[in-house]
Amino acid sequence: MTDELYMQRCLELAIMGMGNVSPNPLVGCVIVSNGKIIGEGYHQKFGEAHAEVNAVKSVIEKYGDQAANLLASATAYVSLEPCAHFGKTPPCADLLIKHQLKRVVIGNKDPFESVDGKGIQKLKNAGIAVVSGILEQECTELNRRFFTRILKQRPYIILKWATTADGYFAPKNTTQEWISGVMAKKLVHKWRTEEDAILVGKQTAIADNPQLNAREWEGKNPVRIVIDRHLKIPQSNHIYNDHAKTVIFNEVKTDVQDNIHYIQMEDMQYYLPQKIAFQLYLMDIQSIIIEGGANILNQFIHANLWDEARVFSSDKIWKEGIASPQIHGLIADQFTIENDKLTIFQNNHS
């Protein structure tokens, strides 16, 4: 069980990079010598040192002259296969070889073309014992966004909405009315800091004038994505402020004005979810929350282009309104948050 325990610690470290490393994966590393953890690290920020570099550095800083001997008898646990290529940083496999580690235990193979088994091979060629597939399922779950982008060439797509007890999503008129409670809103803002982007359609942008930022939680604002075919949203709306990069998919123009990026698309009435997903992939957006409206959510559901749906159900009764989207997926989790129930669905067939 020891390998599993140390890998669990790698996962705890890796998650600390959430929201800061995309489009890179979340990775944690633990270095163990004689049954004792002598160093730890995780990938903290895109473009900066990887987990293995930070873990080795922590050993050197802590043990000074003894570090070389300790590392030469140590096992490195790492939640994802060490990279074998020069990217923004040098290969981590080379670093582990340089310090002559005895053994490397890996959670997942990295499907990225420049790695994909090459890191493991490099380590083995250098005479290092390699064990892989430890807590593989948990490591895959942790990096589901990264794996989706690499393997499916699209972002990880999260659908999110709230529904009344009698199945309504929004009022019939264009007024804004909250369905879920204060704590649910706070949680949604936390989610926004964890994903790369957030998307709404024109109707939602006009009716709700949302800010689409993470003001109720500490962290970065997501990139705001808006669908506005004929550029009908008034310039005075919040989405045009300078709080975050904003991408407006439209049929009129491609242009950049400060933080507002207009991207022209053709025939947006056809295959819109597929076009958006591919465009976001090209922009290195690894994950997105789609918040509405009902029409946009339904388009992604009908295209079967979603990975996770997070649905709040409240105890409010409206008797009329716009019907909530219907989703069929595996119920992965359920929580009670004040008077709301949160159900997390997973798509088994995406």
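This is a predicted model: local features need pLDDT of at least 70, side-chain atom pairs count only at pLDDT 80 or more; totals for chains, interfaces and linings use all residues.
Biologist: Which helices and strands each supply at least two residues of the lining of the second largest pocket?
Modeller: They are H2, E3 and helix H7 (144-152). Helices (H or I, at least four residues) and strands (E, at least two) are DSSP runs numbered from the N terminus. A pocket is an open set of points on a 1 Å grid over the protein atoms alone, with protein on both sides within 12 Å along at least five of seven lines, and lining residues have an atom within 4 Å of a point.

Biologist: Which residues does the UniProt "binding site" annotation with His50 cover?
Modeller: In an unreviewed entry, UniProt puts His50, Cys83 and Cys92 under that label; such annotations may be inferred rather than shown by experiment. They spread over 43 residues of sequence but cluster in space, with a largest C-alpha distance of 9.2 Å. From this set, the second largest pocket has His50 and Cys83 in its lining. His50 sits in the loop between E2 and helix H2 (51-63).

Biologist: And which residues does UniProt list for "binding site" along with Trp178?
Modeller: Ala162, Thr204 and Asp208 are listed with Trp178, again in an unreviewed entry. Those residues span 47 residues of sequence, yet they cluster in space, and their largest C-alpha distance is 14.2 Å. Ala162, Trp178, Thr204 and Asp208 are included in the lining of the largest pocket. You'll find Trp178 in the loop between strand E7 (168-170) and helix H8 (182-194).

Biologist: What volume does the largest pocket have?
Modeller: About 1,200 Å³. The largest pocket has 49 lining residues, and Phe169, Thr204, Asp208, Glu291 and Gly293 lie nearest its centre.

Biologist: How many of its lining residues are nonpolar, polar and charged?
Modeller: For the largest pocket, 20 are nonpolar, 17 polar and twelve charged. Here Ala, Val, Leu, Ile, Met, Phe, Trp, Tyr, Cys and Pro count as nonpolar, Asp, Glu, Lys and Arg as charged, and the others, Gly among them, as polar.

Biologist: Switching topic: how many cavities of 30 Å³ or more does the structure hold?
Modeller: One; a cavity is a set of points where a 1.4 Å probe fits but cannot get out. The largest cavity has a volume of about 130 Å³. Its lining has 17 residues, with Val21, Ser22, Leu26, Arg145 and Gln286 nearest the centre. By type, the cavity lining splits into six nonpolar, eight polar and three charged residues.

Biologist: Last one: in what order do the five strands of the open sheet come?
Modeller: The order is E2-E1-E3-E4-E5, with mixed pairing (two strands pair if DSSP finds at least two bridges between them). Strand E2 (36-42) and strand E5 (129-132) are the edge strands, each pairing on one side only. Strand E3 (residues 75-80) and strand E4 (residues 103-108) run parallel, joined by five bridges. Across from Ala76 you'll see Val104 in E4.

Conventions: Residues are numbered from 1 along each chain as its sequence is written. Side-chain values use heavy atoms; hydrogens and water are left out. Grid points are joined across faces, edges and corners, and a volume is the space filled by probe spheres set on the points.
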